[in-house]
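Open your viewer and get ready to click through a few selections. We'll go stop by stop, with something to pick and something to look at each time.

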Amino acid sequence: MPAAATLPRLPLPKDRAQQLSSLVDGLDAVSLWWLSGYAAGLASKVPLPATAGPEARAVAEPTSAARLTIVYGSQTGNCKRVAEDLAHAAEHEGLVGVRLARADAYPVRELAQERLLVVVISTQGDGDPPDDSRGFLEFLAGRKAPRLAELSYAVLGLGDSSYPQFCLTGRNLDARLAELGGRRLLDFGEADLDFETVVEPWSGRALASARELLQARSPAGVDNVTPLRPRADAIAWSAANPFHAEVVAHQRITSDASAKDVRHLEIDLSGAGLDYEPGDSLGVVAQNPMPLVDAMLDTLHLDGATSVGFKGSTRPLHEWLVAHREITRLSRPFLVALAALSHAAALERLLEPEGADALRRLMDTAQPLDLLERHRAEWTGEALVAALRPLAPRLYSIASSRAAVDDEVHLTVAHVEYRNAAGEPRWGAASHWLATHAEGDELLVYLERNERFRLPADADRDVVMVGPGTGVAPFRAFVQQRAAAGAAGRNWLFFGNPHFRDDFLYQLEWQAALRAGSLARLDLAFSRDQADKVYVQQRLREHGRDVYAWLENGAHFYVCGATGMARDVEAALRDIVIEYGGRTPEAADEYLATLRDQHRYARDVY
Amino acid sequence: MGKPSEIERIKAASRHLRGTLLESLADPVTGALAVDDVQLLKFHGGYQQDDRDVREARRRAKLEPEYFFFLRLRLPGGVLTPPQWLAMDDTARRFGGSGLRLTSRQTIQVHRIRKTDLRDAVQMIHASGLDTIAACGDDNRNVVACVNPLLSHVHAQIYDQAQALSLHLRPQSRAWFETWMGEPPTDGAEPEPLLGDAYMPRKFKHGFAVPPYNDIDVYSQDVGFVAIIENDGLAGYDVLVGGGMGASHGNARTYPRMASLIGFITPDQVTALSEAALTIQRDHGDRSDRTHARFKYTVDDKGLDWIKAEIERRAGFTLAPAREFHFTQRGDRFGWSEGEDRRWHLNLRIPFGRLHDHDGATRQTGMRRIAELLAAQAPDAQIRVTTNQNALVAGVPAALKDAIDAIAAEHDLALHRTATPMGLNIMACVAFPTCGLAMAESERWMPVFVPKLQALMDRHGLHDEPIDVRVSGCPNGCSRPYLAEIALIGKAPGRYNLMLGGDHRGQRMNTLYRENIDEDTIFAALDELLGHFAVGRKAKERIGDFMVRTGVVVPPEPRKELA
């Protein structure tokens with residue numbers, strides 16, 4: 001059989017494709033393998049265009065074409081039984097590769113590769129899906145649902161016909177699969193309370209069709225070509241030339257009762273060639289909150305439409321403030337300019353050497369607008385633009401691994417939103433920018449590599465990860481990556497936040513990782529769930545003996561999050577080395593320095 | 001019989017109810033228990049629940065459901081001392097999240113307790129001399145008994161009998177003490193002679209009624225005892241077996257069943273009779289299909305004659321012929337009444353059993369103040385929970401009546417002075433957002449439902465008509481809906497089955513009238529029915545009887561009882 005016939009969607013012109021076909025025709029496996037390596041070598045010397053690369057998806061599971069997948073969504077257990085019976089019967093009849101999965105355990109990313117799918121799903125009351133299927137159905141209904149041109153499927157619905165929306169869940173699913181390009185193997189089956197009468201003949205027909213289809217695809221027809229993943233570093237997306245990416249999911253991941261507003265964003269990078277690795281950051285080109293820009297113009301009695309020129313650029317003042325100047329973070333040059341214009345003695349004192357501590361406090365707690373309101377002065381547009389720093393993009397530690405999310409990148413964003421002492425709203429520029437971008441909106445992003453924050457090259461090494469709050473983001477990527485790679489090393493995570501109930505970021509995912517073994521240990525510090533506040537560094541000390549044993553065993557140690565926390569964690573780590581390593585303080589410092597030199601102690605702090 | 005159900009496996013493997021509860025309680029990653037332990041916790045008197053209102057939002061936020069627990073007391077006869085009431089109130093305030101709930105099986109539940117607080121809550125309860133052992137689960141449930149306030153000496157006798165029976169049938173396992181009270185863990189080798197190593201196939205319920213009151217709905221019990229009072233003394237009990245309320249929508253193998261009368265026993269024969277009935281169900285109950293695992297199905301499957309003979313064989317005596325008894329009412333006797341011992345009793349209406357200070361309501365505090373007053377000035381008084389989810393302040397010296405009335409008035413606990421008969425007697429189960437079985441709203445719907453129903457009744461000149469109305473969020477029947485004159489049984493959010501024609505004394509079940517209808521349709525149907533009733537009733541005829549007489553519903557033929 002000509003190999004070309006099995007290559008999906010050739011990126012070659014037609015005449016070249018024919019040449020290729022005649023070239024490979026009749027070659028044995030050894031020759032074909034040699035040829036693939038030869039082509040890969042040639043490819044590595046040629047830069048890849050920014051878009052429209054060849055098929056660069058993860059490798060298709062070779063067995064998907066020869067497999068029958070049965071997914072069920074069940075509330076009371078009836079659908080589960082029906083699905084189990086069907087799977088059992090299929091295996092009994094000698095069908096190979098029968099896979100049975102509850103809807104919430106089915107890896108939806110594999111849908112695109114399915115060829116043969118049977119779904120058994122119930123409808124609760126008046127049209128509700130069973131609880132275990134909500135995620136599955138949401139995925140299918142959403143914009144992330146893949147095209148299913150290769151899929152043959154059949155849906156069996158169970159329900160209670162005394163409700164007006166009898167079997168609605170199943171019927172909708174059946175229609176949706178067709179809409180996505182799937183081919184109906186069998187008409188939608190709908191079964192009432194006496195479901196056995198429908199289920200038996202339907203299952204029989206489903207099995208017969210499945211058998212026919214699977215036999216038509218001989219094992220030789222299985223696609224076992226491994227498309228080489230192109231290295232895409234050649235594409236230089238940057239802050240100045242960012243990639244336009246679509247937000248495909250945006251979800252608050254703290255409870256409604258939480259004082260913290262943390263968002264999980266999923267961003268589609270298809271076509272960007274942004275081949276990031278766990279530990280890298282995503283640069284986000286953000287704009288300032290419009291209400292702050294308007295308030296600043298109001299406060300200074302300036303007209304946003306006024307044309308302002310600075311360092312060779314001329315644009316309306318409003319545009320300068322929205323997209324080109326830092327208006328949510330204080331800087332020393334700005335304070336100097338404000339002090340000069342306002343003659344405020346208090347400001348001038350802050351800028352003296354003895355005011356350093358007070359200045360730091362002020363810079364941590366106030367924004368430029370707060371000071372412009374406090375210290376009135378006559379400003380021109382030019383003076384303002386000159387005094388404010390250029391708006392810098394913000395970097396977010398990437399919270400996903402490509403091995404798990406393919407062409408997406410995930411971020412964990414703490415939305416900074418508060419009221420100042422005067423009760424006026426204030427925001428962090430980038431987090432607010434992200435928080436106000438919904439599914440379907442576009443973001444400007446680029447990749448910022450962080451070679452110092454990398455998983456051990458040796459997959460057998462253990463890792464200890466300390467990531468309270470949104471500092472947990474890169475460790476989600478780490479655990480995803482190590483799980484996908486089947487790394488043998490153990491993963492130990494320390495996480496903390498104010499409340500267990502409200503602020504346990506990615507709780508369901510960590511629980512699943514613990515069950516799957518991709519997380520070996522998870523220690524938690526919820527600071528405000530008891531009278532005495534507990535933080536991650538305390539948990540670290542409590543488990544000091546084990547932490548030290550892991551380090552002695554070659555573990556890598558990572559910290560991500562706020563600077564102050566990282567300092568406290570380092571103090572705890574030093575004490576652990578002193579106590580359990582029997583070292584002097586100086587020797588402990590050396591120990592940590594050696595870890596750093598060996599790239600076994602890495603921090604990503606902000 | 002088929003393969004034993006999953007729950008049977010869990011029970012049998014639990015080392016007498018220990019499972020991995022200790023590990024589950026210590027796991028900081030989840031607010032829930034391990035799956036098997038959730039089942040075992042029931043035998044310890046606890047239920048794992050979650051706030052279903054926020055379940056979906058939390059799942060999308062990648063957070064587990066908002067798990068919490070309720071604890072239920074083993075409280076035979078529903079009797080608490082004033083200090084015990086205060087201990088329960090403390091437990092609710094310190095560890096719970098929604099006050100106290102008085103249940104339709106005469107006990108108290110504290111809801112919304114976090115996993116991390118469970119042990120402290122149980123210990124606080126135990127320190128007051130109470131426990132939660134076997135308050136839920138496949139075991140002998142809380143033994144209910146008539147609170148009849150007038151015949152004080154009979155009540156005392158029956159209460160003692162209920163108390164003794166509850167203790168006798170309690171699991172012998174030390175698991176509860178090891179899990180909650182810090183007893184050193186053991187391997188669970190202690191014998192469980194009565195309940196067996198796999199415990200009961202399903203819950204098992206005992207109740208004691210004292211005619212003319214059928215407050216406990218004796219026909220809904222697995223084993224019911226009807227006190228026969230002769231010459232002002234307790235002669236013995238008529239025995240009924242095989243009652244039960246639960247059913248599943250669309251499952252013809254399941255149905256509510258009224259208990260059948262099988263004969264008369266003397267008070268000293270109660271324990272032997274109960275043991276016999278319970279062990280028959282232990283040995284012959286359906287352990288493969290949990291919807292079919294109650295004693296009532298065994299009674300029907302084996303036949304009443306066989307059951308009676310087997311009870312006699314196991315108990316070692318023959319039942320005497322049943323004696324005559326008469327029920328006149330089922331609802332509570334609200335307000336003050338004077339007992340034969342010259343003590344006073346105040347039956348308070350607690351709507352839907354809920355005592356929770358919030359949104360301006362202060363009934364929980366009101367009951368607390370009454371308990372404080374009693375604790376200080378009448379320590380031998382009691383607070384009893386009735387099977388209608390109300391509270392009876394019992395054994396009050398006349399001198400304290402005014403003070404208690406004043407507290408009741410201040411905290412909106414004097415509904416017996418203002419509410420209509422329908423409003424005083426309506427029952428509704430808990431349902432959303434905490435009950436895992438709920439299909440439709442129940443208790444939370446009542447603030448809308450009750451005034452609307454009352455307005456309809458008023459329109460038809462039925463303002464003071466006593467109508468027994470019961471609402472249930474699912475067909476399992478915690479509010480005993482199948483015995484009401486009018487019942488609504490939840491099928492889906494906003495949709496119910498409308499059942500009509502029960503007997504107001506609890507001696508005839510109602511019948512399905514309209515299936516799966518929404519609120520507007522329910523009220524339209526009730527409007528029409530009340531209209532017909534107002535015009536066509538005979539003097540003093542109750543609405544349940546009217547509906548049967550006029551053929552609005554046709555109840556099934558009564559089952560043949562033993563001769």
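Is Ala135(B) buried or exposed? Select Ala135(B) and see: with 26 C-beta neighbours inside 10 Å, the residue counts as buried, since 20 or more is the cut-off. Keep in mind throughout that you're looking at a predicted model.

**Stop 1: around Ala135(B)**

You'll find Ala135(B) in the loop that links helix H6 (118–127) and strand E6 (144–145) of chain B. Now show what it touches: leaving out residues up to four places away in sequence, Ala135(B) is in contact with Gly45(B), Arg72(B), Leu73(B), Arg74(B), Thr107(B) and Asn142(B). Then try a distance label to Arg343(B): the two C-alpha atoms are 31 Å apart in space, and the residues are 208 apart in sequence.

**Stop 2: two positive phi angles in chain B**

Go to Phe352(B), in the loop between strand E12 (344–348) and strand E13 (354–355) of chain B. Check its backbone: phi is near 55°, which is positive even though the residue isn't a glycine. How many other C-beta atoms lie within 10 Å of Phe352(B)? There are 22, so Phe352(B) is buried.

Next, pick Gln389(B), which sits in the loop between strand E14 (382–385) and strand E15 (391–396) of chain B. Here's another non-glycine residue with a positive phi, about 70°. Gln389(B) is buried too, with 24 other C-beta atoms within 10 Å.

**Stop 3: two cis peptide bonds**

Stay in chain B and select Pro211(B) with Pro212(B). The peptide bond from Pro211(B) to Pro212(B) is cis, and its omega is near 10°. Pro212(B) belongs to the loop between strand E7 (206–209) and strand E8 (223–230) of chain B.

For the other one, jump to Phe432(B) and Pro433(B): the bond from Phe432(B) to Pro433(B) is cis, with omega near 0°. Pro433(B) lies in the loop between strand E16 (427–428) and H15 of chain B. That helix is part of the next stop.

**Stop 4: helix pairs in chain B**

Two packed helices are described by the angle between their axes and the distance between the axes. With that in mind, colour helix H15 (residues 446–459) and helix H16 (residues 519–536) of chain B. They pack at about 30°, with axes 9 Å apart. What does that angle make them? Under 35 degrees counts as roughly parallel, so H15(B) and H16(B) are roughly parallel to each other. The crossing of H15(B) past H16(B) is right-handed. To see the contact, show side chains for Lys452(B), Leu453(B), Leu456(B) and Met457(B) on H15(B), and for Phe523(B), Leu526(B), Asp527(B) and Leu530(B) on H16(B). By class, this contact has 6 nonpolar residues, no polar ones and 2 charged.

H12(B) passes H13(B) in a right-handed crossing. From H12(B), the contact uses Gly366(B), Arg369(B), Ile370(B) and Leu373(B); from H13(B), it uses Ala403(B), Ile404(B), Ile407(B), Ala408(B) and Glu410(B). This contact divides into 6 nonpolar, 1 polar and 2 charged residues.

**Stop 5: over to chain A**

Chain A has 22 helices and 21 strands, and 36% of its 606 residues count as buried. Of the contacts in chain A with a separation of 6 or more, 76% are between residues 24 or more positions apart.

Zoom in on helix H16 (residues 473–485) of chain A. Its 13 residues reach 19 Å from first C-alpha to last, close to the expected 18 Å. Why call H16(A) largely enclosed by the rest of the structure? Because 10 of its 13 residues are buried, among them Phe475(A), Phe478(A) and Arg482(A). Just after H16(A), look for Gly486(A), with a positive phi of about 65°.

**Last stop: where the chains meet**

Bring chain B back. Here 25 residues of chain A are in contact with 21 residues of chain B. On the chain A side, strand E7 (243–252), helix H18 (507–516) and strand E19 (521–526) each supply at least two residues. The largest share, 6 residues, comes from H18(A). Colour the chain A side by class and you'll get 10 nonpolar, 8 polar and 7 charged residues.

Technical notes: Residues are numbered from 1 along each chain as its sequence is written. Chains are lettered from A and ligands numbered from 1 in the order in which they are written. This is a predicted model: local features need pLDDT of at least 70, side-chain atom pairs count only at pLDDT 80 or more; totals for chains, interfaces and linings use all residues. Two residues are in contact if their C-beta atoms, placed from the backbone, lie within 7 Å. Helices (H or I, at least four residues) and strands (E, at least two) are DSSP runs, numbered from the N terminus. Ala, Val, Leu, Ile, Met, Phe, Trp, Tyr, Cys and Pro count as nonpolar, Asp, Glu, Lys and Arg as charged, and the others, Gly among them, as polar. The expected span of a helix is 1.5 Å times one less than its number of residues. A residue is buried if 20 or more other C-beta atoms lie within 10 Å of its own, exposed if 12 or fewer, and partly exposed in between; C-beta atoms are placed from the backbone. Axes are lines fitted to C-alpha atoms, for helices over the stretch in contact, and angles run from 0 to 180 degrees between N-to-C directions. Angles under 35 degrees count as roughly parallel, over 145 as roughly antiparallel, 65 to 115 as roughly perpendicular and the rest as oblique. A crossing is left-handed if the near helix is turned anticlockwise from the far one by less than a right angle, and right-handed if clockwise.
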